[in-house]
Amino acid sequence: MAGGSVFECKEYLFKVLVIGELGVGKTSIIKRYVHQLFSQHYRATIGVDFALKVINWDSKTLVRLQLWDIAGQERFGNMTRVYYKEAVGAFVVFDVTRGSTFEAVSKWKHDLDSKVKLANGNPIPSVLLANKCDQKKESSNNTALMDNFCKETGFLGWFETSAKDNINVDEAARFLVENILANDKGLPYEESNGDRIKLDQETVAAESKSGCC
Amino acid sequence: SNIALFTCVYICSHQFAKKLIGLQHGHEILCCIICKPSICCMCVCLCNPLPSLHRQRSLPHRPPLIPLVARMADQNTSGTPAMTEREASRLDKFKQLLAGPNTDLEELRKLSWSGIPRQVRPITWKLLSGYLPANAERRESVLQRKRQEYFGFIQQYYDSRNDEHHQDTYRQIHIDIPRTNPLIPLFQQASVQEIFERILFIWAIRHPASGYVQGINDLVTPFFVVYVFEYIEEEVENFDVSSLQEEALRNIEADSFWCMSKLLDGIQDNYTFAQPGIQRKVKALEELVSRIDESVHRHMQQYEVEYLQFAFRWMNNLLMRELPLRCTIRLWDTYQAEPEGFSHFHLYVCAAFLVRWRKEILEERDFQGLMILLQNLPTMHWGNEEVSVLLAEAYRLKFAFADAPNHYKR
């Protein structure tokens, strides 16, 4: 960090996508994170839903996080391209109680990487969320498998989350924002304009708190 | 003709207490029965449209008398149980039209445009959608045949929902049904959810070009609610359907299926791959708004709000997510009365709806604020009055802007 004046306060604005199959809990995770609420009664997202989270990151950093909740039914052909535009981070969500939603993770990751990139051509930082962990049937230990999957698929890390019981939602968001900030270091929003530092995948992965549920 | 396509709207805090006091230029003139002759009744006559109607309106300061979903099947949201004279006279006109051996559908459309009384809404919707024939004698046999046909589909296809090539469709429907109208107790009943699953599954597999698309589940709801109302007197939202006779419930199911099918036939390209109908309409909306309200359009451009980001849902769900259910039902009275109501007139309603919020839009000074506003427009208190104003404005726009792309451009 530059040892600038005490009056210096940096503001960042980051667009973050939340994607994954329908009914995995994307909307619930966002509502939990932004409004500290949970309901069984969210309607299916149509198109895209928008939410904003303002984070006082530290005494001299303010982060505005635009969360883009993308409908889970993949019907849109090129429409996801419009929604993904200028995103700098992403959560890909699956439902631990439905194996098919995990199988679709690679498809979503691929769709993401093919449609949006950092200015330097690298994929945008993304984190995998294994949601509804409060409903997990047996406590099987998949940590090594999941770590390996993340490495192969290009996720920074993964978290077991529960929007219902408020498990790991803040932690996962903090982890993603740390990584976005690392990309953006020294480049406040106004100046950055997509001109971002190359992401060092190895370093980031080493710091990952993956599988900490 | 004393059938007014427009009604004149009084804006005052007693906006539901109205009385027909006469006709002028063939349009109905209403008067507030509470504050008359007080000057607080500011009449805005829609037959002499003002450039932007909503600018003339002050927000009604009434108590929050309409809960989120209450009285959703009710024509009259006033909370006053007694029909006004005007309502009674309208109901009579409908009854007269419906009583003959052959219903004059053109007349029925004209009459329905400004709202259908709830007592005659089920039959009127069935006639306007083309589900029932104009000839009264043939109706019963048509109903019987169509209902049999639908349950024939169920017998033939419904077991295939767990087959490999249909299970994705069924699972998607199964996930979406409990979250269709999640706040209305009626739709949390198992037998109602099963009805919705059957209707949607049968429709999806019979329309493989689109299949099941999220949002179509919402479109069954107005039909279902209106057709339940054919069998009950009380409020519908907390109604326990198990108290209905089995046959009644089967009729409601089949009628909802067919009427939803008729509706979707007219807008199928909204739901085929890549949803071309929606993409086209969102573009058309943008183009239209740029002509009718340049400052709103420029404001959105300035903050880089794309129409697709909010209007996709307006098109995909026909504004059902933006309005309380009772307002959608009223809106559909007009959509079924208007030629190409769902496929074309809806565009003008969306434009009128967007511009209705111009003040709020222009007050927002960043992208975030605009998006949050546009995705959460405060319509919770809306009733028939607001929908009528919206429809009248849409009607005006259709005439002013339909075939003259650049005529009105400043």
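When I say that two elements touch or are in contact, I mean heavy atoms within 4.5 Å. Helices (H or I, at least four residues) and strands (E, at least two) are DSSP runs, numbered from the N terminus. For angles, axes are lines fitted to C-alpha atoms, for helices over the stretch in contact, and the angles run from 0 to 180 degrees between N-to-C directions.

Now the ground rules. This is a predicted model, where local features need pLDDT of at least 70 and side-chain atom pairs count only at pLDDT 80 or more, while totals for chains, interfaces and linings use all residues. Residues are numbered from 1 along each chain as its sequence is written, chains are lettered from A and ligands numbered from 1 in the order in which they are written, and side-chain values use heavy atoms, with hydrogens and water left out.

Let me begin with the sheet. Chain A has an open sheet of 6 strands in the order β2-β3-β1-β4-β5-β6, and the pairing is mixed. Two strands count as paired if DSSP finds at least two bridges between them. At the edges are β2 (48-58) and β6 (157-160) of chain A, each pairing on one side only. On average, neighbouring strands of this sheet are turned by 25 degrees against each other, direction ignored.

Take one pair as an example. Strands β4 (residues 89-95) and β5 (residues 126-131) of chain A run parallel and are joined by 6 bridges. Within β4, A:Val92 stands opposite A:Leu128 in β5(A).

What lies across the strands β1 to β6 of chain A? Helix α6 (residues 169-184) of chain A does, running at about 125 degrees to β1(A). Chain B also contributes a helix: α15 (residues 367-375) of chain B packs on the sheet and touches β1, β2 and β3 of chain A, its direction making about 140 degrees with that of β2(A).

Next, two loop residues in chain A. Most residues other than glycine have a negative phi. A:Lys132, in the loop between β5 and α5 (143-153) of chain A, has a positive phi near 65 degrees. A:Asn168, in the loop between β6 and α6 of chain A, has a positive phi of about 65 degrees.

On to the interface. Here 29 residues of chain A are in contact with 31 residues of chain B. The two chains bury about 2,800 Å² between them, 57% of it on carbon and sulfur atoms; buried area is the accessible area (1.4 Å probe) that two parts lose on being put together, summed over both. There are 2 salt bridges between chain A and chain B, a salt bridge being a side-chain nitrogen of Lys or Arg within 4 Å of a carboxyl oxygen of Asp or Glu. One of them joins A:Asp49 to B:Arg313, with the closest N and O atoms 3.1 Å apart.

For chain B, an unreviewed UniProt entry lists "domain: Rab-GAP TBC" at residues 115-339; such annotations may be inferred rather than shown by experiment. That stretch is 64% helix and 0% strand.

Finally, confidence. pLDDT is the predictor's confidence in each residue, from 0 to 100. Chain A has a mean pLDDT of 84, with 80% of its residues at 70 or more. Chain B has a mean of 83, with 78% of its residues at 70 or more. In chain B, pLDDT is below 50 over residues 35-80, and in chain A it stays under 50 over residues 186-213. Where pLDDT is low, the predicted coordinates should not be read in detail. For the complex, the predictor gives an ipTM of 0.83 and a pTM of 0.82.
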